[in-house]
Amino acid sequence: MTAIRVLLVDDQELVRSGLRRILRERDGFTIVGECGDGAEVPAALAAAEADVVVMDLRMKHVDGIEATRRLRRTGARPPVLALTTFDDDELLAGVLRAGAVGYVLKDSPAEDLIRAVRAVAAGDAWLDVAVTARVLTAYRHAAAHPEPAPGSLTPEHLELLRAAGRGGTDAEIAGTLGLSESVVKTRFARLLKELGLRDRAAAVVYAFDHGIVTAARTTAGPPAPAPRPPAARLRFSVLGPLRAWRGTAALDLGPVRQQALLAALLLRPDVVVTDHGLLDDVWGLEPPGTGTGVLPTYVLRLRSCLRAAHETSKESVIRRGRAGYLFASDGVRTDLTRLRELDQEAKAAAGTGDLATAAELCADAIGLFQGEPLAGLPGPFAEGERLRLREHRLSLAQRKADSQLRLGRYASAADELSTVLAAHPHREPIAALLMRALYARGLRTDALAVYQRVHDRLVRDFAVEPGAELTRTRTAVLEGDDRSLGFA
């Protein structure tokens with residue numbers, strides 16, 4: 001792993017020496033330079049590239065706020081992590097306005113500094129929740145411009161702002177929400193643009209300032225850290241291998257048959273599935289010799305690993321009904337729920353003519369898939385769900401491509417459709433969209449070649465000719481009929 005290059009800026013040699021001992025090379029850091037005053041920062045950065053500037057705020061000549069402000073005027077690199085003490089509320093507010101992406105307290109544990117530098121180097125913000133509420137009071141009182149109004153925040157916006165306000169990095173937020181880190185970064189960039197915010201630190205300030213996240217305050221002494229959200233919430237991912245987390249801890253769900261039993265309950269939340277129904281779902285035509293007697297053992301093991309630490313009730317999320325078992329969904333999150341939300345939002349956007357948003361939401365939904373849904377799980381139920389979810393993913397790809405074509409994004413549509421068609425060579429609607437995209441780019445011969453390839457595969461594999469839609473598309477391409485192809 002490439003070492004994180006750090007520039008240290010502090011007017012006390014003793015402090016810089018301590019920072020050097022914490023940010024060691026063996027832990028993945030390289031100190032590329034040291035400055036005793038903010039005035040020395042431009043020359044130090046000209047001499048050596050840095051990934052993070054760790055900046056003291058109180059210095060004799062050019063302080064950390066002014067040094068940060070000057071650095072930001074020259075461009076976006078590198079991010080500044082401020083160093084301060086509890087009594088520096090005004091300075092912290094000032095350095096945030098100047099463009100710092102985070103701050104860490106000088107009396108924090110060494111691990112906090114290490115985590116903060118890594119987070120800032122990765123593009124995250126780092127604001128200590130112990131002093132955020134006080135800092136915001138100073139920030140608001142001295143703000144030169146009013147904060148942007150919250151407007152109509154979507155549930156996705158609120159999730160991101162809450163997670164960021166609680167100090168989550170992109171990787172931690174991705175784990176909590178069941179998304180990939182790249183999807184989190186993309187959504188954050190879109191959110192910052194929509195709210196008119198400068199960076200991640202500004203988003204954290206915004207979250208606190210508008211009550212999306214709150215911090216605990218005390219009347220005397222250092223403020224107490226804000227209470228952490230419950231870490232034992234259950235979360236599941238089914239759009240790939242079946243996975244589960246209790247808080248941020250991954251859970252061992254046991255052997256694949258046991259996982260298949262969990263899936264058969266999880267994907268029918270709050271519905272009692274009979275013992276014999278579960279047996280058919282998981283074992284099909286080859287039930288175990290013990291019959292339904294195997295179910296209590298699997299359920300007992302699942303209850304043990306799924307029980308959340310914060311539950312006050314002894315009742316598990318897997319409950320026994322009169323004739324079977326039920327998965328209680330209250331307080332449980334799945335990526336499938338998010339998939340459905342994005343799907344509905346995409347349809348609504350398309351219905352209002354907002355094709356760009358519709359395409360982006362379809363892309364977000366497709367990004368939730370982490371490979372084959374329920375990969376490796378045996379039994380008729382898991383196989384049926386796999387087929388259904390594959391179709392859902394293809395439907396999203398078709399709708400995204402259709403929006404792209406209507407927006408005139410022919411090249412990107414053609415590239416993505418070619419990839420999808422290679423994986424699903426008999427999918428005629430995908431082939432028709434790809435032909436339209438290629439035709440729009442002036443690649444008429446390539447469009448006709450797509451028809452021929454699909455035709456040959458259908459005849460060879462199923463002894464059938466292409467359907468009416470694909471045949472009409474071929475005819476329109478041959479005749480140059482832009483109207484029939486949707487381009488007139």
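Predicted model: local features only at pLDDT ≥ 70, side-chain atom pairs only at ≥ 80, totals over all residues.
**Notebook: a sheet and a helix pair**

I started with the sheet: five strands, open, in the order S2-S1-S3-S4-S5, with parallel pairing. At its edges I found strand S2 (29-35) and strand S5 (102-105), each pairing on one side only. From one strand to the next, the twist averages 25°.

**Pairings, one at a time**

I reminded myself that strands of a sheet pair through backbone hydrogen bonds, either parallel or antiparallel. Then I went along the neighbours.

- S1 and S2 run parallel and share six bridges. In this pair I spotted Leu 7 standing opposite Gly 33 in S2.
- S1 (residues 4-9) also pairs with S3, again in the parallel sense, over four bridges. Here Leu 8 stands opposite Val 54 in S3.
- S3 pairs with S4 (residues 80-84) in the parallel sense over four bridges. Across this pair, Asp 56 faces Leu 83 in S4.

**A closer look at S3**

Which residues of S3 are buried on one side, and which on the other? I got Val 52, Val 54 and Asp 56 on one side, with Val 53 and Met 55 on the other. Buried here means under 20% relative accessible area. Five of the five residues of S3 (residues 52-56) are buried, so the strand is largely enclosed by the rest of the structure.

**What lies across the sheet**

Next I looked for a helix against these strands. H1 (residues 13-22) lies across S1, S2, S3 and S4. Against S2, H1 runs at about 170°.

**Over to two helices, H18 and H20**

I jumped to H18 (residues 428-440) and H20 (residues 468-479), which pack at an angle of about 15° with their axes 9 Å apart. Why do they count as roughly parallel? Angles under 35 degrees get that label, and theirs is about 15°, so H18 and H20 are roughly parallel to each other. H18 passes H20 in a left-handed crossing.

Who touches whom? From H18 I wrote down Glu 428, Pro 429, Ala 431, Ala 432, Met 435, Arg 436 and Tyr 439. They meet Glu 469, Leu 470, Thr 473, Arg 474 and Val 477 in H20. Sorted by type, the residues of this contact come out as seven nonpolar, one polar and four charged.

Key
Residues numbered from 1 in each chain as written. Heavy atoms only, no water. Buried < 20%, exposed > 50% of the residue type's maximum accessible area, 1.4 Å probe, protein only. Pairing = 2+ DSSP bridges. Axes fitted to C-alpha atoms, helices over the stretch in contact; angles between N-to-C directions. Parallel < 35°, antiparallel > 145°, perpendicular 65-115°, else oblique. Left-handed = near helix turned anticlockwise from the far one by under 90°. Contact = heavy atoms within 4.5 Å. Nonpolar A, V, L, I, M, F, W, Y, C, P; charged D, E, K, R; others polar.
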